[in-house]
Amino acid sequence: MHSFLFSNGEHGLHREERSSASSQELARLFDKAKVCRNCSLAASRLNVVFGEGDPLAEIAVIGEAPGAEEDASGRPFTGRSGQLLDKILEAAGFSRQEVYICNILKCRPPGNRNPLKDEIRSCMPLLLEQLQIVRPKVILILGKVAANTIFENSLSLGAIRGKMKAWRGFDCCCTFHPAAVLRNPRLKKEWMEDMQLMTDHCETLGRKKNARENEN
Ligand code: URA
């Protein structure tokens, strides 16, 4: 667990208060999402898969859209992809509970097809609000669809991954979607390299912050 890297002198009650305020804001946003009918996915969804995790997480993980298991459970990344995601996070030193996990789309596209432009347009404001509430230091973006959506391009994942990229004030690391790694285990090596890039970046942020605190 790397949370200490971002230690900002904020202990006990102060963090608890901020965490509870952030939880409440997320709950209010979730209530809004539950009744959203801004796109046609509202008609076929079983559940709105809003997101979960630490309301003050230093790392947010963004996937593409819920699949069948997530639609049924109402929780992101609970199927086979989710199990693999939990493993890679743990290998990198992060538990599922200490990150915040969500998706570009909050409702399952039928047959797990790619999100459509109007679905993304309808759903992005929710994601942006979630990120404004949680305010992660680093975002891990999973897969080409999520990366192309966030960076508004159509580049291959190979061209995007392997470096940190800035987006709306967040430091982002793009890597393969766990479903792609399940299909092609040979991607594991590069996947681990991307996770290392992210953890190295977290450590650099932690060091910079500590250095600033020591100056004061
Ligand atoms: N794939 C995703 O992109 N998100 C999920 O929540 C599950 C599978």
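**Close-up views of a predicted model**

W167 stands opposite F170 in strand 6.

View 1. Strand 5 covers residues 164-167, and strand 6 covers residues 170-175. The two strands pair in the antiparallel sense, over four bridges. Between them the hairpin has two residues, and R168 takes a positive phi near 50° there. Strand 5 is an edge strand, pairing on one side only.

**View 2. The open sheet.** Six strands form an open sheet with mixed pairing, in the order 1-3-2-4-6-5. Its edges are strand 1 (52-53) and strand 5 (164-167), each of which pairs on one side only. Strands of a sheet pair through backbone hydrogen bonds, either parallel or antiparallel. Strand 2 (residues 59-63) and strand 4 (residues 138-142) run parallel and are joined by four bridges. In this pairing, V138 of strand 4 is the bridge partner of I59. Strand 4 also pairs with strand 6 in the parallel sense, here over five bridges. The bridge partner of L142 in strand 6 is T175.

**View 3. Helix 5 across the strands.** Helix 5 spans residues 117-134 and lies across strand 2, strand 3 (100-103) and strand 6. With strand 3 the helix makes an angle of about 170°.

**View 4. Helix 6 packed on the sheet.** Helix 6 (residues 144-151) touches strand 2, strand 4, strand 5 and strand 6, and its direction makes about 125° with that of strand 4. The helix is mostly covered, with six of its eight residues buried. These buried residues are K144, A146, A147, N148, T149 and I150. They pack against strand 2, strand 4, strand 5 and strand 6, as well as against helix 5 and helix 7 (157-160). Just after helix 6, E152 takes a positive phi of about 50°.

View 5. The residues around the ligand include G63, E64, A65, P66 and G67. Also among them are E70, P76, F77, G79, S81 and N103. By class, this shell has five polar, four nonpolar and two charged residues.

**View 6. L187 in a loop.** L187 is placed in the loop between helix 8 (178-183) and helix 9 (188-215). It has 18 C-beta neighbours inside 10 Å and therefore counts as partly exposed. Leaving aside residues up to four places away in sequence, L187 touches F176, A180 and V181. L187 and L128 are 59 residues apart in sequence, and their C-alpha atoms are 30 Å apart in space.

**View 7. The chain as the setting of the close-ups.** The chain has nine helices and six strands. Its radius of gyration is 17 Å, close to the 17 Å that the globule rule gives for 216 residues, so the chain is as compact as a globular protein of that length. The C-alpha trace spans about 55 × 40 × 30 Å along its principal axes. Of the 216 residues, 38% count as buried. Among contacts with a separation of 6 or more, 75% are between residues 24 or more positions apart.

How values were computed: Residues are numbered from 1 along each chain as its sequence is written. This is a predicted model: local features need pLDDT of at least 70, side-chain atom pairs count only at pLDDT 80 or more; totals for chains, interfaces and linings use all residues. A residue is near a molecule or strand if its C-beta atom, placed from the backbone, lies within 6 Å of it. Ala, Val, Leu, Ile, Met, Phe, Trp, Tyr, Cys and Pro count as nonpolar, Asp, Glu, Lys and Arg as charged, and the others, Gly among them, as polar. Two strands pair if DSSP finds at least two bridges between them. Two residues are in contact if their C-beta atoms, placed from the backbone, lie within 7 Å. Axes are lines fitted to C-alpha atoms, for helices over the stretch in contact, and angles run from 0 to 180 degrees between N-to-C directions. The radius of gyration is taken over C-alpha atoms; the globule rule is 2.2 Å times the number of residues to the power 0.38. A residue is buried if 20 or more other C-beta atoms lie within 10 Å of its own, exposed if 12 or fewer, and partly exposed in between; C-beta atoms are placed from the backbone.
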